[in-house]
Amino acid sequence: MDAAVAGQQARRRIRPLEPLVTTAAPPTPAAFRCPISLEVMRSPVSLPTGATYDRTSIQRWLDSGHRTCPATRLPLASTDLVPNLLLRRLIQLHAATLPPSPSPEEVLSQLAAADGEPAAAEKAVRSLAAKIAPEKGKQASVASAVAADLDSAVPALLSFAKGGAGADARVDAVRILATVAPELVSYLTGDGTEKRGSVKMAAEALAAVLSADVVGEEAKEALIASLVAGDLGSLVTTLLGAGPNGVAVLEAILTSPVPDADAKTAIADRSELFPDLVRILKDAASPAAIRCMAAAVQVRGRPARLSMVRAGAVPALALAVAAAPTAAAESALRLLAEAARCGDGKAAIAADAAEVAAAVMGRMIRVGPAGREAAVAVLWLSCCAGGGERRMREAVASAPEAVGKLLVVMQGDCAPTTSRMAGELLRAVRLEQERKGMAAAYDSRTIHVMPY
């Protein structure tokens, strides 16, 4: 009996383990968020209307000329900002109850672990981008965290920058890449021992940063300055070997005010420049290759035109005129006009007369005014200027609706010079059609267009 009583007493003394209770972070009260930025206020200030805002946001509102309260829409008797010390203290007390935010290294680990889970990966990118906001002052820590594992972090960020998520995530990914872009320059300016995959990765990341509107011009210019500080010949070779993204970086260099004229000339004079650009244009239909050719011609003029023609650019540009998006097609038309200004270019155009004429006439009224003017210039230079090329006149005369399209251009909103060239082309085409008995080419689909 005594033993039984003792056992009961012992069992009463041993208490069962209490379950571990984890509490979620308390939600942030709406009053702690700025009505303008919707972010938690760092320095809350009040207007005479009684509404409270973060100082940075409301000051920006007032500096832009507004004299009303954003929340109430009431006119402001005064623009004095009164610090809301009580609210700031409450926000500080609330922040003390929150769990510490993860470090950049921890967020990158979350990004790597979220492979195949877009929502988790996007959350990690947004979290990392929040740490590089100007007021946070953590750009250096984020950059060093990404730089510590470039080969895995950069491809993950590029998947968002290329459009693998929402617009906000794409912007955030580019902003993060911009913080680490200086670390990627060495991949392109090194001694050539870098892995080919790493070079292409660096070129893709730099192309995304240099073409992004969210990256400031000062950051872009600093990036280009570091690129051109070394051996330009090695840089050009590396970028051309990296494909369309490398060409996009090269185009940014040629159009930037950072390199001096001598540096740009050295790039445009590289013997491999135009042959590689033509190859990339043919293989990848790259608009960047067209823009890079145009930038080199702008820098170097006649020598670059000759190099472009001798590299076989005319057939590739004709294909781009026919099939590329509008902006790229207009650039290709301008380059064909540049080619037609030299004897070698006219001969190259005449050698592919049927393809060039079909491409230019087919696209003439499906581009903007600048594109139409370039199309007329190509045809006039190759058909009429200096006697022209008979093969081109025959090809243009044989193009469907050639007369009608030229009349549309003449009666449109074009420059007087373009109108004059179109008129001369029209006469040349009609003469060629009459010579070959092709008067029926002026068909009923364009008969409503009355000539001058």
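# Briefing: Salt Bridges, Cores and Backbone Features

Arginine 175 has a relative accessible area of 25%, so this residue is partly exposed. The structure is a predicted model. In total, 13 salt bridges are found in it, and its largest nonpolar core contains 132 residues. The points below are grouped by topic.

**Salt bridges**

- Arginine 175 pairs with aspartate 172 in a salt bridge whose closest N and O atoms are 3.3 Å apart.
- Both partners belong to helix H8, where a spacing of 3 residues corresponds to about one turn of the helix.
- Aspartate 172 counts as buried because its relative accessibility is 8%, below the 20% limit for that class.
- A second salt bridge joins glutamate 251 and arginine 291, with 3.4 Å between the closest N and O atoms.
- This pair connects distant parts of the chain, since glutamate 251 is in helix H12 (residues 244–255) and arginine 291 is in helix H15, 40 residues apart.
- Glutamate 251 is buried at 16% relative accessibility, whereas arginine 291 is partly exposed at 36%.
- Arginine 300 and aspartate 269 form a further salt bridge, in which the closest N and O atoms are 2.7 Å apart.
- Arginine 300 is partly exposed at 31%, and aspartate 269 is partly exposed at 40%.
- A network of salt bridges links Arg390, Glu394, Glu432 and Arg435.

**Nonpolar cores**

- In soluble globular proteins, nonpolar side chains tend to be buried together.
- Within the largest core, Val146 and Met293 have the most contacts.
- Helix H8 (residues 167–189) supplies the largest share of this core, with 11 residues.
- Leaving aside residues up to four places away in sequence, valine 146 touches Leu108, Leu128, Ala153, Leu157, Ile176 and Val180.
- Another core of 15 residues lies apart from the largest one and includes Ala51, Tyr53, Ile58 and Leu62.

**Aromatic rings**

- The whole structure contains 0 aromatic pairs.
- The charged end of arginine 420 sits over the ring of tryptophan 380, at 5.7 Å from the ring centre.

**Positive phi angles**

- Arginine 73, which is not a glycine, has a positive phi near 65°.
- Arginine 73 is located in the loop between helix H2 (55–63) and strand E3 (82–83), and its relative accessibility of 59% makes it exposed.
- Alanine 285 likewise is not a glycine, yet its phi is positive, at about 50°.
- Alanine 285 is found in the loop between helix H14 (273–284) and helix H15 (287–300), and it counts as exposed at 57% relative accessibility.

Technical notes: Residues are numbered from 1 along each chain as its sequence is written. This is a predicted model: local features need pLDDT of at least 70, side-chain atom pairs count only at pLDDT 80 or more; totals for chains, interfaces and linings use all residues. Side-chain values use heavy atoms; hydrogens and water are left out. Rings of Phe, Tyr and Trp (its six-membered ring) pair if their centres lie within 6.5 Å; planes under 30 degrees apart count as stacked, over 60 as edge-to-face and the rest as tilted. A charge sits over a ring if NZ of Lys or CZ of Arg is within 6 Å of the ring centre and within 35 degrees of the ring normal. A nonpolar core is a set of buried Ala, Val, Leu, Ile, Met, Phe, Trp, Tyr and Cys residues joined through side-chain atoms within 4.5 Å. Buried means under 20% relative accessible area, exposed over 50%, partly exposed in between (1.4 Å probe, protein chains only). Helices (H or I, at least four residues) and strands (E, at least two) are DSSP runs, numbered from the N terminus. Contact means heavy atoms within 4.5 Å. A salt bridge is a side-chain nitrogen of Lys or Arg within 4 Å of a carboxyl oxygen of Asp or Glu.
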